[in-house]
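Please read the following points alongside the sequence and the model. They are meant for someone meeting this structure for the first time.

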Amino acid sequence: MLLCARSGAGAVMATAAAGLPRRGRCGRRRRCTVAAAMGAPEVEKGKTATVRSKASGDALEVCRVVNGMWQVSGASWGRAAPAAAVDAMLAYADAGLATFDMADIYGPAEDLYGMFINKVRRERPPEMLEEVRGLTKWVPPPVKMTRSFVEENINRSRKRMDVAALDMLQFHWWDYANPGYLDALKHITDLKEEGKIKTVALTNFDTERLQIILENGIPIVSNQVQHSIVDMRPQKKMAELCDLTGVKLITYGTVMGGLLSEKFLDTNINIPFAGPPLNTPSLQKYKRMIDAWGGWSLFQALLQTLKKVSLKHGVPISTVAVRYILNQTSVAGSMVGVRLGLSEHIRDSNAILSLLLDEEDMGSITEASQRGRNLMEVIGDCGDEYRA
């Protein structure tokens with residue numbers, strides 16, 4: 001069941017924390033202990049997580065709330081002037097939210113990051129430069145993956161982002177019937193060994209292909225997948241493999257483009273003009289997920305449950321929604337989309353990092369989520385919504 005157009009592919013990152021606990025920072029002067037995966041998996045407790053490959057030891061520390069830059073890819077969300085967008089990125093970094101996620105196909109996202117990182121170099125102390133992370137994706141057509149083709153594309157991202165080495169390269173592949181993804185990943189791994197990439201990751205790969213990739217010795221640190229209270233597919237097969245291998249998830253679609261918010265509580269968008277318009281690609285995409293899960297009435301019941309929890313803690317529904325996913329043992333980080341230069345939610349994003357949901361909160365949300373259909377049976381495994 002194909003729910004999403006290819007041109008709108010988001011991505012969710014998996015992160016793994018293996019080995020001994022370490023100290024980490026999630027922005028200027030913010031220090032916290034990172035939970036380590038020793039024996040049984042644990043929920044990441046700090047404001048940062050370290051994604052790591054058990055095979056190679058490659059590791060990267062990222063903020064657990066990641067600034068997602070998909071929304072700069074199209075005019076549907078609105079688009080600010082580049083200078084305003086860069087200033088907004090700097091404000092997020094100043095507030096301790098210093099990890100940014102983008103892709104080669106996200107319009108000017110990589111170019112904006114290059115402008116931003118140069119501004120950090122000029123206007124901020126060196127320690128901030130050490131804390132900023134730029135996670136990008138490569139989403140090639142499924143053509144023959146030669147060394148020269150792969151290197152040319154990676155070099156293009158390095159140039160646009162103005163970095164000697166990409167902090168993380170998250171690889172996407174459209175057609176599993178074409179085994180060229182293994183060739184591409186082997187070339188990417190070679191480029192990592194040459195110092196052009198720091199860590200290798202995936203986006204929207206399913207469990208079967210992730211296992212194949214790991215068995216081929218590719219040092220994967222994360223897999224970025226769609227994951228929300230409505231879409232709990234990653235907690236099926238994928239979470240089990242993550243627990244076994246140390247690969248964890250960074251999630252996207254976690255607030256469903258804004259549907260998991262007070263704005264859509266007590267509304268009926270099935271009646272024309274009776275509710276807020278679904279006027280962005282994100283809202284339209286995740287409304288289709290709600291339809292597959294159980295429909296608008298059931299979704300309203302879920303929002304009511306989230307509202308009760310949010311009132312208890314004095315935070316918005318969206319903050320609760322992201323914290324619930326961050327509390328899953330397979331998840332190291334979640335993306336929150338940023339409309340750079342148009343609106344900002346720095347305070348709410350930082351509230352996610354400090355929110356503590358108790359057992360009663362988690363239980364009530366789980367019960368509300370499980371009232372819907374099992375989307376593994378409706379759609380398939382992680383990433384299948386992008387493949388016919």
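1. Met-256 has a relative accessible area of 1% and is therefore buried, a word that here stands for under 20% relative accessible area, with exposed meaning over 50% and partly exposed in between (1.4 Å probe, protein chains only). Met-256 belongs to the loop between β11 and α8, and although Met-256 is not a glycine, its phi is positive, at about 55 degrees. Most residues other than glycine have a negative phi.

2. The model is predicted, so local features need pLDDT of at least 70 and side-chain atom pairs count only at pLDDT 80 or more, while totals for chains, interfaces and linings use all residues. Residues are numbered from 1 along each chain as its sequence is written, and side-chain values use heavy atoms, with hydrogens and water left out.

3. Asp-162 sits in the loop between α4 (147–161) and β8 (168–171), and its relative accessibility of 34% makes it partly exposed.

4. The protein has 13 helices and twelve strands, where helices (H or I, at least four residues) and strands (E, at least two) are DSSP runs numbered from the N terminus. Of its 388 residues, 60% are buried. Among contacts with a separation of 6 or more, 77% are between residues 24 or more positions apart, a contact being heavy atoms within 4.5 Å.

5. Eleven aromatic pairs are counted, under a rule by which rings of Phe, Tyr and Trp (its six-membered ring) pair if their centres lie within 6.5 Å, with planes under 30 degrees apart counted as stacked, over 60 as edge-to-face and the rest as tilted. One of them is edge-to-face, because the rings of Phe-264 and Trp-296 have centres 6.3 Å apart and planes at 80 degrees. This pair links distant parts of the chain, 32 residues apart, with Phe-264 in the loop between β11 (248–252) and α8 (281–293) and Trp-296 in helix α9 (residues 296–313). Phe-264 is buried at 1% relative accessibility, and Trp-296 is buried at 5%.

6. Ring pairs also join Trp-138, Phe-149, Phe-171, Trp-173, Tyr-176, Tyr-181 and Phe-205 into a cluster.

7. Is Lys-119 buried or exposed? With a relative accessible area of 17%, Lys-119 is buried. Lys-119 lies in helix α2 (residues 109–123) and, leaving aside residues up to four places away in sequence, touches Val-86, Asp-87, Leu-90 and Arg-124.
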